[in-house]
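Hello,

Here is the structure I said I would pass on. My notes follow below it.

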Amino acid sequence: MMIRLTANKPVLDPQRIESFLTRGVEKVFPSTENVRDRMLKGERLTMYLGIDPTGPTLHLGHSITLKKLKEFQELGHQVILLIGDFTGMIGDPTDKTAARKKLTRAEVLKNAKLYKKQASAFLKFSGSNKAILKYNSAWLSKMKFNEVLELASLMTVDQMLKRDMFDKRVQEGKPIYIHEFMYPLMQGYDSVAMDVDGEIGGNDQTFNMLAGRHLMRVVKDKEKFVIASKLLVDPSGKKMGKTEGNMVSLDQSAGEMFGKIMSWTDDLIIPAFELCTFVSDSEIADMKKSMEAGANPRDLKVKLAKAIIAIYHGEPAALKAEEVFVRTFVEKTFSDEAVEITTTSGTKLGDIVTEAKIVESKSEYQRLVKQGAVSDSNGNKISDIHFAVTSPIDIKIGKRKFVKIKL
RNA sequence: GCGUCGGUGGCGGAGUGGUCUAUCGCAACAGACUGUAAAUCUGUCGCCCAUUGGGCUUCGUUGGUUCGAAUCCAACCCGACGCACCA
């Protein structure tokens with residue numbers, strides 16, 4: 001009994017608290033001082049992170065807030081990972097394109113399961129002071145219409161329209177649906193239902209999180225704190241999301257992660273170190289300096305890639321990924337991560353490769369051949385469109401596709 | 001219900017009778033180069049066959065006009081906006 005109590009006692013290390021409140025943090029409501037005071041006083045706080053299970057994977061963007069949640073948990077506070085299984089079925093209007101697709105209950109639950117697994121790289125779901133997993137359908141799906149109306153009466157249309165994204169739509173004469181107004185309310189109600197002290201989320205979630213803060217004040221007379229984390233963005237301010245194509249999913253292989261990270265622009269290196277790794281602040285500062293002094297950003301990017309991969313796949317896998325990357329892309333040798341296909345002698349290479357869906361169509365294949373993208377493992381280009389396989393051969397298509405053909 | 005505008009390739013967005021597989025931008029892919037799958041440059045970017053070249057199918061759906069339609073007409077479906085009706 002005693003042990004348990006000690007384990008759940010908040011850690012009062014001012015340095016760690018400071019790091020939690022500042023590193024990768026964009027803004028804190030009501031203020032950094034306020035939350036810092038509460039933490040230093042030894043108050044044990046409850047904070048949650050909400051994620052809508054819209055896809056099967058979490059990505060590096062999620063890792064930023066998961067990491068903060070982990071820090072909070074390690075500081076001895078109660079953390080909740082909230083799966084927005086209910087809100088996820090409606091779709092957050094923050095992401096314009098998501099407004100359309102509604103997920104089925106089965107999809108949402110499947111995704112949710114995968115999330116817990118991926119989040120386990122950060123959070124402890126067992127042992128002392130374990131993280132709690134909750135689903136917001138637990139309360140949202142049970143609400144009666146009159147309760148919903150009551151909730152809706154707590155915010156005004158003007159308050160909603162303050163949200164820049166809604167405002168923009170009004171300016172552009174584009175429609176806003178009522179359920180989109182409901183979204184911040186529902187998300188805000190999560191705070192009330194769980195009676196939390198605070199919430200963390202990406203900067204893009206600030207409006208929704210503040211809606212919860214508002215509701216907490218009105219309904220529970222409680223000052224909910226909100227921590228808005230920085231987003232991993234490129235210099236033009238674009239979010240590193242699914243649409244950007246260079247998103248790294250947390251369940252990707254070490255090799256894929258390595259490649260994706262290496263394709264990032266150099267300006268992303270330092271922010272990514274800060275947001276997505278456990279590399280110390282001083283070390284990051286040193287790297288920044290050395291880069292400004294003309295160090296090759298590539299080397300730092302390699303380091304970044306390894307640091308990130310180590311979190312999800314471990315150190316050895318990170319090293320292996322680097323090795324494979326150097327071999328395939330720097331030295332341009334045939335990769336052993338090839339697709340193996342068995343065929344009969346005399347089959348045209350174009351047929352093999354389109355049938356295996358490695359190349360989209362025969363036209364595509366022909367284009368690739370013309371462009372000199374198809375070669376064997378010795379680097380000899382294949383220029384005959386009708387090249388037929390008569391003996392086992394290793395084929396490289398473009399930079400990244402490798403096929404081992406057997407008979 | 002009436003009216004107005006609109007529905008074009010992965011996305012954005014031109015094109016309003018032939019020169020349209022359809023300008024352009026983004027994304028994607030390939031080649032060169034490099035420090036990487038970065039940046040830059042060049043090229044590709046519906047499908048199928050072919051040596052040059054040829055064939056077929058796309059512009060919400062279905063019909064129609066025409067020698068010829070993404071482009072004109074009709075009906076239908078979908079969306080936005082405005083108005084009305086109902087309450």
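Which of the 32 residues around RNA strand B come nearest? They are Gly259, Ser263, Ser361, Ala373 and Gly398, where a residue counts as near a strand if its C-beta atom, placed from the backbone, lies within 6 Å of it.

Before the rest, the conventions. This is a predicted model, in which local features need pLDDT of at least 70 and side-chain atom pairs count only at pLDDT 80 or more, while totals for chains, interfaces and linings use all residues. Residues are numbered from 1 along each chain as its sequence is written, and chains are lettered from A and ligands numbered from 1 in the order in which they are written.

RNA surface

Helix α19 (362–370) supplies six residues of the surface near RNA strand B, the largest share. At least two residues each come from α13 (254–262), α16 (297–313), α17 (315–330) and α19. Helices (H or I, at least four residues) and strands (E, at least two) are DSSP runs, numbered from the N terminus. By class, this surface has eight nonpolar, 14 polar and ten charged residues; Ala, Val, Leu, Ile, Met, Phe, Trp, Tyr, Cys and Pro count as nonpolar, Asp, Glu, Lys and Arg as charged, and the others, Gly among them, as polar.

Six-stranded sheet

An open sheet with mixed pairing has the strand order β1-β6-β5-β2-β3-β4; two strands pair if DSSP finds at least two bridges between them. β1 (25–29) and β4 (132–135) are at the edges with a single partner strand each, so one side of each has no neighbour in the sheet. From one strand to the next, the twist averages 25°. For angles here, axes are lines fitted to C-alpha atoms, for helices over the stretch in contact, and angles run from 0 to 180 degrees between N-to-C directions.

Within this sheet, β5 (198–202) and β6 (225–229) are parallel and share five bridges; Gly198 has Phe225 of β6 as its bridge partner. Helix α4 (60–74) packs on the sheet and touches β2 (46–51), β3 (78–83), β5 and β6, with its direction at about 150° to that of β5. Contact means that the C-beta atoms of two residues, placed from the backbone, lie within 7 Å. Helix α6 (105–119) also packs on the sheet, touching β2, β3 and β4, and its direction makes about 145° with that of β3.

Two loop residues are worth a look. The peptide bond from Phe29 to Pro30 is cis, with omega near -5°, and Pro30 is in the loop between β1 and α3 (32–40). Asn129, in the loop between α6 and β4, has a positive phi of about 50° although it is not a glycine.

Helix pair

α11 (178–194) packs against α12 (206–220) at an angle of about 55°, their axes being 7 Å apart. That angle makes the two helices oblique (under 35 degrees is roughly parallel, over 145 roughly antiparallel, 65 to 115 roughly perpendicular, the rest oblique). Residues in the contact include Pro184, Leu185 and Tyr189 of α11 and Phe207, Leu215 and Val219 of α12. The contact has nine nonpolar, six polar and two charged residues.

Four-stranded sheet

A further open sheet, also mixed, runs β7-β12-β11-β9. β7 (339–342) and β9 (374–376) are its edge strands, pairing on one side only. β9 and β11 (393–397) run antiparallel, joined by three bridges, and Val374 is opposite Ile397 of β11.

Regards
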